[in-house]
Amino acid sequence: MKEKTTAVVLAAGAGRRMHSDVQKQYLLLGDKPVIYYALKTLQDSFIDEIVLVVGHGETQYCRNDIVEKYRFSKVKQIVEGGKERYHSVANGLKTIDGDGYVFIHDGARPFLSEEMLLRSYEAVRKYQACVVGMPVKDTIRIVDENGFSSMTPNRETVWQMQTPQVFAAALVKEAYEKLLVREAELKERGIRITDDAMVVETLLNHSVKMVEGSYENIKITTPEDLDIARSFLKK
């Protein structure tokens, strides 16, 4: 029997690096907003429900101009995000009842595919935690606090993290509950939480399996990214 699958789609980012008054997830890509594409893939996939996490004051806009306009019937909840990304994820997780699996995806990554979802689902059922990503193409250098090169990691072991990041619901909810309790302590220790895998690894000491994504699964962060996305869309 298939377990319940819920996607938490993050659309609460301010998008300051886009140099635009419009948040990156609402910018037009082709004739539709960036966030449309990930939601359309999820709508047409095996995912059962979608929780959409939006910025402050954007709930009604997203309901009218995104969810209802494009008939995304799987969007069951629209909730406001928080100050940091992990606050937004935590707000989304609070709406999820029961067991099953949670697919956490950045709304600014339009090129999500059914194949990525299927690979992730297969992996999470086996390992309870997995993240989509790709091996880096470039040589990576680690620099010291003065900007000098200090070491070069083996490129074969370095991956760029993407989304979706997928977890057993009970596991990721427990990890985020612990994160919110220990938030101040982690900040004092200089531990900066940057993604969901780090939450599970840091708070529960649970390993996370890497799953192949796509080099086209880019996150639109800068105007240059939007140009690249337009070229992918034309293909």
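Hi everyone, let me start with how to read it. Residues are numbered from 1 along each chain as its sequence is written, and side-chain values use heavy atoms, with hydrogens and water left out. Since the model is predicted, local features need pLDDT of at least 70 and side-chain atom pairs count only at pLDDT 80 or more, while totals for chains, interfaces and linings use all residues.

First, the overall picture. The protein has seven helices and eleven strands; helices (H or I, at least four residues) and strands (E, at least two) are DSSP runs, numbered from the N terminus. Along the principal axes, the C-alpha atoms fill a box of roughly 50 × 40 × 35 Å. The radius of gyration is taken over C-alpha atoms, and the globule rule is 2.2 Å times the number of residues to the power 0.38. For 235 residues, a compact globule would come out near 18 Å, and the protein has 18 Å, which agrees.

How much of the protein is buried? Of the 235 residues, 49% count as buried, where buried means under 20% relative accessible area, exposed over 50%, and partly exposed in between (1.4 Å probe, protein chains only). Now contacts, meaning heavy atoms within 4.5 Å. Among those between residues at least 6 apart in sequence, 75% join residues at least 24 apart.

Let's go inside. A nonpolar core is a set of buried Ala, Val, Leu, Ile, Met, Phe, Trp, Tyr and Cys residues joined through side-chain atoms within 4.5 Å. Which residues touch the most other members of the largest one? They are Leu52, Phe103 and Tyr176, in a core of 71 residues. Helix H5 (residues 169-188) gives the largest share of this core, with seven residues. If we set aside neighbours within four places in sequence, Leu52 has contacts that include Val9, Ile35, Cys62 and Val79.

Next, the aromatic rings. A pair of rings is described by the distance of the centres and the angle of the planes. Rings of Phe, Tyr and Trp (its six-membered ring) pair if their centres lie within 6.5 Å; planes under 30 degrees apart count as stacked, over 60 as edge-to-face and the rest as tilted. By this rule the count comes to nine aromatic pairs. One of them is Tyr36 with Phe72, a tilted pair at 5.7 Å centre to centre and 45 degrees between the planes. This pair links distant parts of the chain, 36 residues apart: Tyr36 is in helix H1 (residues 34-43), and Phe72 is in the loop between helix H2 (59-68) and strand E5 (75-80). Both Tyr36 and Phe72 are buried.

Compare that with Tyr101 and Tyr121: their ring centres are 6.0 Å apart and their planes at 80 degrees, so this pair is edge-to-face. It also joins distant parts of the chain, with Tyr101 in strand E6 (residues 101-106) and Tyr121 in helix H4 (residues 114-127), 20 residues apart. Tyr101 counts as buried because its relative accessibility is 8%, and Tyr121 counts as buried at 10%.

Back to Tyr36 for a moment. Ring pairs link Tyr36, Tyr37, Tyr70 and Phe72 into a cluster. A charge sits over a ring if NZ of Lys or CZ of Arg is within 6 Å of the ring centre and within 35 degrees of the ring normal. The charged end of Lys32 does this over Tyr36, 5.3 Å from the ring centre, and Lys137 lies over the face of Tyr215 at 4.2 Å.

Now helix H4 itself. The expected span of a helix is 1.5 Å times one less than its number of residues. For the 14 residues of H4 that gives 20 Å, and the end C-alpha atoms are 20 Å apart, which agrees. Its buried residues include Met116, Leu117 and Tyr121, and the buried residues of H4 pack against elements including H1, E6 and strand E7 (129-135).

Just after H4 comes Gln128, with a positive phi of about 75 degrees. Gln128 is in the loop between H4 and E7, and it is partly exposed at 30% relative accessible area. Arg71 also has a positive phi, about 60 degrees, although it is not a glycine. Is Arg71 buried or exposed? At 72% relative accessibility, Arg71 counts as exposed.

One last stop: a cis peptide bond joins Thr163 and Pro164, with omega about 15 degrees. Pro164 is in strand E10.
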